[in-house]
Amino acid sequence: SGEPPNRHDIPYAPGDRLWVREAWQALYEFDHLKPSDISAGSDVLYNADRPDTPWDSRKRPSIFMPRWASRLTLTVTNVRVQRVREIGEEDAMAEGMFYERGGGQNRIVEGWYNGVKGRSFARSHPSQSFRDLWNSLNAKRGFGWDANPWVVAITFKTHRCNIDQMGKTL
């Protein structure tokens, strides 16, 4: 599908740092405030930590997380341009494909799954499960597996700290 992206069109490069936004909640007393008006350092509950027992306060989507509340920083280690069908088994696992044994009624007993609720595909290889997930998300838009579009694959290291609290190098 066309030419690969130009290097100048790729927004990230090795060494870049990115702060991660998550779904979150502040204390009830801050429900009336915009996220930008909540004081830096205020208590925050990250919904990923306790999805079944949230505070009795306003749930806020990741897009509205202030930078000071971020607890994860990504350092870009590699950026490469490739066709989507070049994904390997290890890359597919890094994208979230996992192996599962067991299951229940009307389920394959063993296989690779993508772990996305409502879109789980059991296959004999992680790349096959990734292909099914890719098609479920992109085929209707004309970017299915068979079209083999160019993609930018970004590899990163995760640091469990706020981007502004990291030292110059890690």
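Let's begin with the charged pairs: searching the whole structure turns up five salt bridges. Keep in mind as you click that this is a predicted model.

**Stop 1: Asp164 and Arg67**

Select Asp164 and Arg67 and show their side chains. They form a salt bridge whose closest N and O atoms are 2.7 Å apart. Asp164 sits in the segment after strand 8, while Arg67 belongs to the loop between strand 4 and strand 5, so this pair ties together parts that are 97 residues apart in sequence.

**Stop 2: Arg80 and Asp91**

Next, select Arg80 and Asp91, a salt bridge with its closest N and O atoms 3.3 Å apart. Which elements does this pair tie together? Arg80 lies in strand 5 and Asp91 in helix 1 (residues 89–94), so the link spans parts that are eleven residues apart in sequence. Arg80 is partly exposed, with a relative accessible area of 26%, and Asp91 is partly exposed at 29%.

**Stop 3**

Move along to Arg131 and Asp132, where a salt bridge brings N and O atoms to 3.2 Å at their closest. Are its two partners buried or partly exposed? Arg131 is partly exposed at 27% relative accessibility, whereas Asp132 is buried at 11%. Now select Glu22, Asp49 and Arg71: salt bridges with shared partners join these residues into one network.

**Stop 3**

In soluble globular proteins, nonpolar side chains tend to be buried together.

For a view from within, centre on Ala92. Leaving aside residues up to four places away in sequence, Ala92 touches Ile87, Met97, Pro126, Ser127 and Phe130.

**Stop 4**

Trp24 is a handy guide to the next stop. In strand 4, its bridge partner is Arg60. Strand 2 (residues 24–26) and strand 4 run antiparallel and are joined by two bridges.

**Stop 6**

Bring the surface back and colour Tyr12, Val81, Val152, Ile154 and Phe156. Together they make a nonpolar surface patch of about 360 Å². Strand 8 (residues 150–159) supplies the largest share of this patch, three residues. Val81, by contrast, is found in strand 5 (residues 73–83), and its relative accessible area of 32% makes it partly exposed.

**Stop 3: two asparagines**

Select Asn148, in the loop between helix 2 (126–138) and strand 8. Asn148 counts as buried, at 17% relative accessibility.

Then go to Asn138, which lies in helix 2. Asn138 is buried too, with a relative accessible area of 8%. Not counting residues up to four places away in sequence, Asn138 touches Phe143 and Gly144.

**Last stop: zoom out**

Return to the whole chain and colour by secondary structure. There are two helices and eight strands, and along the sequence they follow the pattern β-β-β-β-β-α-β-β-α-β. Buried residues account for 32% of the 170 residues in the chain. Among contacts with a separation of 6 or more, 65% are between residues 24 or more positions apart. The accessible surface of the chain comes to about 11,200 Å², with 50% of it belonging to carbon and sulfur atoms.

Note on methods: Residues numbered from 1 in each chain as written. Predicted model: local features only at pLDDT ≥ 70, side-chain atom pairs only at ≥ 80, totals over all residues. Heavy atoms only, no water. Pairing = 2+ DSSP bridges. Helix = DSSP H or I, 4+ residues; strand = E, 2+ residues; numbered from the N terminus. Patch = residues over 30% accessible without salt bridge, like charges linked within 9 Å, V, L, I, M, F, W, Y side chains within 5 Å. Areas by Shrake-Rupley, 256 points an atom, 1.4 Å probe, with all protein chains shown as cover. Salt bridge = Lys/Arg side-chain N within 4 Å of Asp/Glu carboxyl O. Buried < 20%, exposed > 50% of the residue type's maximum accessible area, 1.4 Å probe, protein only. Contact = heavy atoms within 4.5 Å.
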